[in-house]
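Visitor: I would like to go through the labels used for this model and hear what each one rests on.
Guide: Here it is; ask about any label.

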Amino acid sequence: MADPRSQLYIGSALTYWSAQLWHFANILILMTTSTDLRLVAINGLIANFLGLLLVPSIGRWIETTNRLEAAHLSLSINNAAVVLSTLSLFPMLLFGVNGVLRTVLISISFLLFGVSIMAETAVKGIKADWVKVVNSQKQDKDNIALKIDLSAMLVLPLVFGLLMTSYGVVLGSLFLVVWHAGAWLIEYKLINDIYAAVPALAKKQSAKNGESLVIAPSLQSIVADSHVYLRQSIFPAALSLGLLYITTLDLGAITMGYAYFQGLSAMTLSLVRAVGALTGLLGTVLFPHFVKKIGLVQTGLLSLVFECSCLALTVLSICLPGSLFNPVSYFSGLQPVYESTSTISIATFFLGILLARCGLWMADLSVTQLTQDKVKEGELEAVERAQNRLNHLLAITKDILVIAMPDPRIFGFLIIASWTSIFSAVLAYKYYADRHANAKVGKKK
């Protein structure tokens, strides 16, 4: 029988690979049916809103449900939602349907996308729980999961980008459906084998004194979690992490959509994501070395300063040849013409984002570790719930901004707003770092 630990990491890799393929493919499929960034922004808004409401409840459901039942259900919902969401867009891809039917199909796809993201969150949480049981050695699980997630951006998006560029969106979508159906079967078998091989996985309380699952948190629980969160010494650092969510300067749906309007092919976009994964992986490799040399707090500050400095290139790209930024045309009501005469602007834009990925993931790891080290064990869950709500609220803010300004001709305003948010994150973390340094000096005296 295969080693359960190896099977678990294979299953985790499949989960992350499938997730990255779905996120990338969904962007490209939507962009082929859209004339601006509004569709991808609405899609993200729905997913983030569901995350705001349901992620804490998903965590409690995982804690109180039999491990095998939870794994089966979440895995099945995730893959079924991906397949059905993709298939719901096929009539538009094949026949170009419009009107009410188009609106209905897109709405179904959006809702299923949100469901898939919630189920994906559950699958990742369950796999993390299983790792703790199966793997008896103490490891940096946050770093390992991040490395798997980033490495997943290297392979399947490249395959999908090649299919899209060479054979079109329909064949690429069929590949997506077949992949998820196959991954579903493989992961299902792996889960059963691991559960049978590790008896400790069955030793779990399935309910807490008859406690029922609460779908949405009450106002009282939100206030209580927020109170605990705000009184933490690491709050300014945690706030800096949240501020990183008000950005279009990542490799997510909005950024990829903007690049799509610049005329970049699906293959080029997949290569950009692959390079972004490599620079992110570099950050996870460098992180422990910087912590050892300059300490955790200073590593976080250096990472954010580096990220903010690199992203200044995206602001510069607004003014360079080939930029789509043309607010005069937009506010004059002229028809958009998305034709770049030069690649200088988009190349500078992505150069800044790709370099910043290293600092971004080092900053993420810094704040995560600070939270785990500095927050009392009894308060950690409340702090994590409050942080999750803040992250989703700020991501929703970003989505609303894009919905309000979906035209690529005014994307430059979103770039400036995003960079301002990153700069604010630097200031918030700097405040925490200075306070931490002063506290250390006070103790020495």
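Guide: A salt bridge here is a side-chain nitrogen of Lys or Arg within 4 Å of a carboxyl oxygen of Asp or Glu. The model is predicted: local features need pLDDT of at least 70 and side-chain atom pairs count only at pLDDT 80 or more, while totals for chains, interfaces and linings use all residues. Residues are numbered from 1 along each chain as its sequence is written, and side-chain values use heavy atoms, with hydrogens and water left out.

Visitor: What makes aspartate 407 and arginine 409 a salt bridge?
Guide: Their closest N and O atoms are 2.9 Å apart. The cut-off is 4 Å, so the pair qualifies. Both residues are buried, a label for under 20% relative accessible area, with exposed meaning over 50% and partly exposed in between (1.4 Å probe, protein chains only).

Visitor: Why is lysine 398 called buried?
Guide: Lysine 398 has a relative accessible area of 15%, which is under 20%, so the label is buried. Lysine 398 forms a salt bridge with aspartate 399, with 3.2 Å between the closest N and O atoms. Aspartate 399 has 2% and is therefore buried as well.

Visitor: How many salt bridges does the structure hold?
Guide: Twelve. One of them joins the side chains of arginine 385 and aspartate 225, at 2.8 Å from N to O. This pair links distant parts of the chain, 160 residues apart: arginine 385 is in helix H16 (residues 380–404) and aspartate 225 in helix H9 (residues 219–230). Helices are DSSP runs of H or I with at least four residues, strands are runs of E with at least two, and both are numbered from the N terminus. Asp225 and Arg385 also belong to a salt-bridge network with Glu381 and Arg389.

Visitor: Is arginine 385 buried or partly exposed?
Guide: Partly exposed, because its relative accessible area of 22% lies between 20% and 50%.
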